[in-house]
Amino acid sequence: MNGSPDLWARWGSFGAYDARGMKGGEALILELNRIVHSSGIASPVTSRRGLTARLRYLDSGAGRAALKEQGVTPRTIRAWMSNKGKTAPTSASREKIDAAYWHRRRDNLIRSGWLTRHLDNEGRGSSMEIYPVDTARTAPEHVRPGISQRTVTVRYIWGDLVDAWARKDAVTVDEIWDDVITDLDSDYNAYAYVSAVGISA
Amino acid sequence: MLGTEEVLRLTVAALMSRAGERQGDLAAAIGLSQAQVSRKQSGAAHWSLDDVDLLAAHYGLPVLDLLAGPTHAVGVLHGAAPRLPSAAPAPTGPTSESTPEPVAAPVPAPVPAPVPVPVPVPVPVPVPVPVPEAVPVPVPEDGPVGALPAPGLPLGPCVLCGETAFDEVDGFPQHLSAEACAAAAAASAPSAPSPAPSAPEPPLPADEPGPGPVPVPDPESELGPKPESVPVAPPTPPTPPTPPAAPATSPRRTAPAYVSALLVEQITDRVREALTDHDGDADAAQAALIKSAIPDVMALFKASRASGRYEHSDFPPTADILRKKSQKGADEIWEGRPKWRNPAVFAAAKQGTRFEVTALDMNAAYLSALKCWLPIGQLREDTSGVHDPKRSGVHLITPADWEQPDLPNPLGNRIEPGPLWVTESTLRQLLACSRNGLAGPPVLHRSLVSGASEALLERLRRALADVRRTALAEGDTLTVEYVKAMYAKFVSTIGESSANREIRRPDWMHIIRAKAFANLWMKAEKARLAGLTVVEMSGTDELHVIGDWRSVFSEGRDLHEVKAKKVYTLGGK
């Protein structure tokens with residue numbers, strides 16, 4: 001990874017003058033989570049349709065393991081799976097089923113490579129909107145002028161990014177963020193912290 | 001060496017000064033504005049061949065003399081120089097025959113004599129044509145090597161009439177007007193043996209396959225029609241054919257003005273493509289088109305913003321109030337959907353009074369509503385409590401009480417009191433009501449706003465509206481349904497919908513919807529002002545009125561018109 005080693009240090013202590021935002025890498029992680037959650041079963045788990053769909057999705061060895069991770073006993077799992085349309089789990093159990101579903105789905109999107117393919121877009125990349133830190137509360141003399149919202153088309157990083165995100169490796173995601181903003185211009189350091197990132201995917 | 005157009009500019013300037021005219025006078029005479037004349041004279045715009053005809057008519061000069069340079073033109077104007085033997089008929093002006101004096105120019109020409117070229121030369125004069133004048137050698141044999149790619153090259157058979165064309169549109173060789181096609185066909189029929197010298201345009205060598213570049217030495221030399229260069233060589237008509245761009249009869253093409261032809265083409269092409277894909281099966285094509293409506297309208301939207309002034313944000317961080325609380329839940333924005341019945345009318349109907357009510361239907365309400373104030377960038381908080389008309393977004397307000405019994409509240413059927421989040425469209429409507437004295441002003445607590453423009457979707461809207469209008473006139477249901485799917489799905493999926501991943505602007509979605517409701521409310525107010533009784537207002541597009549509504553609204557299916565859905569009787573025994 002290229003970029004500058006002291007990207008974060010150059011900001012001094014972030015937030016000292018009431019700038020609101022987060023590290024660009026954190027915003028990337030939030031955005032990837034959003035993308036994952038923007039697909040999948042649309043019906044809520046509180047509806048019978050949504051519940052049945054989730055149970056069907058989890059009806060596999062890995063799915064049962066995911067349910068077990070949520071603290072559901074094997075006996076309950078067996079009861080749910082044997083008559084999917086008829087059981088009426090409590091709302092706490094539905095939460096667990098929903099959590100297990102999203103864990104499984106996230107893993108599957110990573111494992112199948114769909115997420116990477118989707119973002120890489122056959123090499124064309126995805127457009128990314130970068131929103132600078134919110135300086136509404138900062139005293140005017142500390143506001144850096146002329147930092148505007150930027151739009152860049154980002155290519156080539158998506159495989160690495162999804163890998164790092166899947167490993168929950170925040171350091172590598174930060175490095176990848178550094179890589180992304182180096183393409184902006186000489187002022188890229190201003191985007192080390194951002195208020196949000198939007199990915200067109 | 002001056003180009004023909006440059007010579008023309010000098011000529012026009014000379015003629016103007018001789019005639020004591022100013023640019024405004026000339027402009028009025030030839031149907032332009034002074035600014036256009038100024039631009040054409042300064043070189044910022046071109047004199048077209050149509051203009052040349054008009055100029056010639058205005059000064060009473062044959063076109064060839066007008067193009068022969070300032071000295072010659074002024075000389076001819078004053079009778080001090082002989083006219084060129086023009087084959088072309090004198091322009092269809094007020095004075096076409098003898099050299100008259102249309103303008104008061106008592107000053108004799110100071111330099112009458114030096115006509116640049118001897119008179120009987122067949123080639124138009126000031127154009128530096130290297131062809132020896134006495135030897136009218138066919139020009140194509142002159143030296144095809146290294147010839148300039150003049151605009152007069154035969155590009156291939158015209159896609160419209162099959163004759164050789166010298167222009168292309170979007171890569172297809174074709175004639176630019178029906179007259180040009182007709183002329184080409186006429187020219188090819190007798191295989192151009194002796195083109196009548198009085199023909200308005202030189203005949204196109206349509207029987208020739210268009211061998212290669214016609215070596216026109218100066219691309220501008222084609223400005224001058226060369227009717228007399230033909231007589232010697234029948235096999236190869238030496239005339240570099242004038243492109244039929246400006247036949248003397250062709251009307252001035254109107255500017256595309258408001259609707260982008262590119263966008264319109266993009267829509268119609270898509271319809272044609274779908275029809276071809278399904279072998280003309282309209283139902284299958286319609287299903288396919290409706291299925292692809294979302295990506296299509298997004299592509300259209302992007303194309304419509306290509307030259308836009310503002311770069312809008314597609315994925316701004318969503319404020320909490322704009323976030324759906326659950327998959328099927330709603331966010332906190334109150335759009336003001338109307339659902340109102342006139343209590344007085346319904347009470348009277350219950351007592352037995354009969355009313356003839358007409359249910360009016362607003363055409364393409366969401367398409368009209370695309371014209372609304374939309375925030376361009378990320379919404380930012382503003383607690384100043386003052387509405388800035390240059391910004392748009394969502395606002396937390398406490399509305400004033402609504403006291404009008406015969407008009408619905410622009411807020412819709414909101415019953416619970418207290419502050420609520422409304423969109424820009426609703427707020428502007430409430431502010432307008434307070435300006436008109438219909439209600440008090442709303443109290444503005446908090447705003448999430450960004451710089452706004454009313455034109456973000458305007459090109460898209462105009463293109464869709466234009467295609468819709470044309471399709472309705474032609475009875476093309478397929479296109480009407482396609483357009484309807486595009487604008488409806490655009491509005492419903494630009495929020496947090498997983499069906500449209502190319503944009504996420506829930507604020508836009510709410511503002512557009514609220515604008516549709518506000519438009520309906522404005523129609524209700526208009527009806528009431530005109531003396532109609534508003535009976536019911538509901539949905540996005542339904543307005544029930546009592547009275548002669550045709551005197552208030554025009555009937556039809558266009559965006560500014562309304563159509564009567566049904567007439568029914570209310571009350572009575």
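Ile130(A) stands opposite Val197(A) of strand S4(A). The model that shows this pair is a predicted one. The strands involved are S2 (residues 126-132) and S4 (residues 193-199) of chain A, which pair in the antiparallel sense over five bridges. Both belong to an open sheet of four strands. The order in this sheet is S1-S4-S2-S3 (chain A), and the pairing is antiparallel. Strands S1 (22-23) and S3 (150-154) of chain A stand at the edges. Each has a single partner strand, so one side of each is left without a neighbour in the sheet. Helix H1 (residues 24-37) of chain A packs on this sheet and touches S1 and S4 of chain A. The direction of H1 makes about 25° with that of S4(A). In general, strands of a sheet pair through backbone hydrogen bonds, either parallel or antiparallel.

The sheet is set among helices. Chain A has eight helices and four strands. Along the sequence, they follow the pattern β-α-α-α-α-α-α-β-β-α-α-β. Chain A has 201 residues, and buried residues make up 30% of them. Of the contacts in chain A with a separation of 6 or more, 76% are between residues 24 or more positions apart.

Helix H3 (residues 61-69) of chain A illustrates the helical packing. Its buried residues are Gly63(A), Ala66(A) and Leu67(A). Seen down the axis of H3(A), the buried residues fall within an arc of 100°, so they line one face of the helix. Just after H3(A), Gly71(A) takes a positive phi of about 90°.

Most residues other than glycine have a negative phi. Asn121(A) is not a glycine, yet its phi is positive, at about 55°. Asn121(A) lies in the loop between helix H6 (114-120) and S2 of chain A. With 15 other C-beta atoms within 10 Å, Asn121(A) is partly exposed. In chain B, Ala364(B) has a positive phi near 45° and is likewise a residue other than glycine. Ala364(B) lies in the loop between strand S7 (355-362) and helix H12 (365-368) of chain B. Ala364(B) has 22 other C-beta atoms within 10 Å and is therefore buried, the cut-off being 20 or more.

Chain B also contains antiparallel pairing. Strands S10 (residues 391-398) and S12 (residues 443-453) of chain B are joined in this sense over eight bridges. Ser392(B) stands opposite Ser450(B) in S12(B). S10(B) also runs antiparallel to strand S11 (residues 420-423) of chain B, with four bridges between them. Here His395(B) stands opposite Val422(B) in S11(B). Elsewhere in chain B, Leu49(B) is found in helix H4 (residues 49-59). Leu49(B) has 19 C-beta neighbours inside 10 Å and therefore counts as partly exposed. Leu49(B) and Val63(B) are 14 residues apart in sequence, and their C-alpha atoms are 9.8 Å apart in space.

The two chains meet at a defined set of residues. In the model, 15 residues of chain A are in contact with 15 residues of chain B. On the side of chain A that touches chain B, the elements that give two or more residues are S2 and S4 of chain A. S4(A) gives the most, with four residues. By class, this side of chain A has seven nonpolar, seven polar and one charged residues. The model scores ipTM 0.83 and pTM 0.65.

The mean pLDDT of chain B is 78, and 70% of its residues reach 70 or more. Among the elements of chain B, strand S8 (residues 374-375) has the highest mean pLDDT, 97. Helix H7 (residues 178-188) of chain B has the lowest, 64. Over residues 88-151 of chain B the pLDDT is below 50. Beyond near neighbours in sequence, this stretch has 127 contacts in the model. Residues 190-256 of chain B also stay under 50 in pLDDT. For them, the model has 153 contacts beyond four places in sequence. Where pLDDT is low, the predicted coordinates should not be read in detail.

Terms used. Residues are numbered from 1 along each chain as its sequence is written. Chains are lettered from A and ligands numbered from 1 in the order in which they are written. This is a predicted model: local features need pLDDT of at least 70, side-chain atom pairs count only at pLDDT 80 or more; totals for chains, interfaces and linings use all residues. Two strands pair if DSSP finds at least two bridges between them. Two residues are in contact if their C-beta atoms, placed from the backbone, lie within 7 Å. Axes are lines fitted to C-alpha atoms, for helices over the stretch in contact, and angles run from 0 to 180 degrees between N-to-C directions. Ala, Val, Leu, Ile, Met, Phe, Trp, Tyr, Cys and Pro count as nonpolar, Asp, Glu, Lys and Arg as charged, and the others, Gly among them, as polar. A residue is buried if 20 or more other C-beta atoms lie within 10 Å of its own, exposed if 12 or fewer, and partly exposed in between; C-beta atoms are placed from the backbone. pLDDT is the predictor's confidence in each residue, from 0 to 100. The arc is that of the directions from the helix axis to the C-beta atoms.
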